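Subject: Structure handover

Hello,

Here is the structure I promised to pass on. Please open it first, then read the notes below.

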Amino acid sequence: MTSATEHLDALTRVIADFPGPGIRFRDLTPVFADAEALVSVADALSAPFAGSYDIVAGVEARGFALAAATAARTGHGLLLVRKAGKLPGETLRESYALEYGEATLEVHVGQLAPGTRVLLVDDVLATGGTLGAAQALIERAGWVLAGTAVVLELDGLGGREQLAPRDVLALQKV
């Protein structure tokens with residue numbers, strides 16, 4: 001049986017100069033396309049948190065694929081953390097800074113009972129802005145952040161420090 005990190009090593013494509021010069025983009029879509037790899041990654045994201053969460057949350061967009069796989073593998077439901085304007089009805093919003101502006105994430109108000117324990121899953125931890133906003137949004141909604149798990153952590157961008165004191169499980173640091 002191949003481990004999640006072995007699958008990541010074998011299947012993650014590194015694309016030079018995307019989306020701009022000097023950037024080495026880590027493309028996880030080949031991992032998502034391989035059933036055995038997707039299962040191993042979903043299992044690795046959830047295993048350290050077994051028994052400590054009630055639902056799996058995914059951040060738009062690649063986090064949706066990972067969270068859905070994780071939720072299905074563990075028999076849990078799925079909470080979608082969406083970009084602003086994508087959810088109908090009443091929402092709770094959390095904005096965060098980007099390099100050149102601001103972005104906002106949303107969840108439905110009252111979707112989960114207060115105190116629901118949420119495992120937050122995403123593809124990459126870079127500067128921590130998106131994950132920090134998602135964590136804050138979960139807590140502001142009255143839910144409990146049971147943990148945060150990502151496939152890749154981009155070293156040297158300060159994301160882990162930005163999220164402190166909350167810890168993050170990263171399957172690989174690159």
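Start with two helices. Ala-4, His-7, Leu-8 and Leu-11 in α1 meet Glu-36, Ala-37, Ser-40, Val-41 and Ala-44 in α3. To meet here is to be in contact, which is defined as heavy atoms within 4.5 Å. By class, this contact of α1 with α3 has six nonpolar, two polar and one charged residues. The classes are these: Ala, Val, Leu, Ile, Met, Phe, Trp, Tyr, Cys and Pro count as nonpolar; Asp, Glu, Lys and Arg count as charged; the others, Gly among them, count as polar.

A word on the source. This is a predicted model, in which local features need pLDDT of at least 70 and side-chain atom pairs count only at pLDDT 80 or more, while totals for chains, interfaces and linings use all residues. Residues are numbered from 1 along each chain as its sequence is written, and side-chain values use heavy atoms, with hydrogens and water left out.

Helices and strands are DSSP runs, numbered from the N terminus (helices: H or I, at least four residues; strands: E, at least two).

Helix packing

Helix α1 covers residues 4–11 and helix α3 covers residues 35–46. They pack at an angle of about 135 degrees, with their axes 8 Å apart. Axes are lines fitted to C-alpha atoms, for helices over the stretch in contact, and angles run from 0 to 180 degrees between N-to-C directions. α1 and α3 are therefore oblique to each other. The cut-offs: under 35 degrees is roughly parallel, over 145 roughly antiparallel, 65 to 115 roughly perpendicular, and the rest oblique. The crossing of α1 and α3 is left-handed. That term applies if the near helix is turned anticlockwise from the far one by less than a right angle; clockwise would be right-handed.

α3 also packs against helix α4 (residues 62–74), at an angle of about 80 degrees and with the axes 9 Å apart. α3 and α4 are therefore roughly perpendicular to each other. On the α3 side, the residues are Leu-38, Val-39, Val-41, Ala-42, Asp-43, Leu-45 and Ser-46. They meet Leu-66, Ala-69, Thr-70, Arg-73 and Thr-74 in α4. The residues of this contact divide into seven nonpolar, three polar and two charged.

The cores

Which residues touch the most other members of the largest nonpolar core? They are Val-81, Leu-105, Val-118 and Leu-120, and the core has 24 residues. A nonpolar core is a set of buried Ala, Val, Leu, Ile, Met, Phe, Trp, Tyr and Cys residues joined through side-chain atoms within 4.5 Å. Buried means under 20% relative accessible area, exposed over 50%, and partly exposed in between (1.4 Å probe, protein chains only).

At least two residues of this core come from each of β3 (55–59), β4 (77–83), β5 (91–98), β6 (101–108), β7 (117–125), α5 (129–140) and β8 (144–153). α5 gives the most, with five residues. A second, separate core has 20 residues, including Phe-32, Tyr-53, Ala-67 and Ala-71.

Leaving aside neighbours within four places in sequence, Val-81 is in contact with residues including Phe-64, Leu-105, Ala-134 and Leu-137.

Single residues

Gly-77 is found in strand β4. At 34% relative accessibility, Gly-77 counts as partly exposed. Not counting residues up to four places away in sequence, Gly-77 touches Asp-54, Ile-55, Val-56 and Ala-71.

Gly-128 sits in the loop between β7 and α5. It is buried, with a relative accessible area of 6%. Beyond four places in sequence, its contacts are Gly-159, Gln-162 and Leu-163.

Arg-166 is in the loop between α6 and β9, and is partly exposed at 28%. Among the residues that Arg-166 touches are Gln-135 and Glu-139.

Backbone points

Most residues other than glycine have a negative phi, and most peptide bonds are trans. Three places depart from that pattern.

- Asp-17 has a positive phi of about 60 degrees although it is not a glycine. Asp-17 lies in the loop between β1 and β2 and is partly exposed, at 49%.
- The peptide bond from Phe-18 to Pro-19 is cis, with omega near 5 degrees. Pro-19 is in the loop between β1 (13–16) and β2 (24–27).
- Ala-164 and Pro-165 are joined by a cis peptide bond, with omega about 10 degrees. Pro-165 is in the loop between α6 (159–163) and β9 (169–173).

Best wishes
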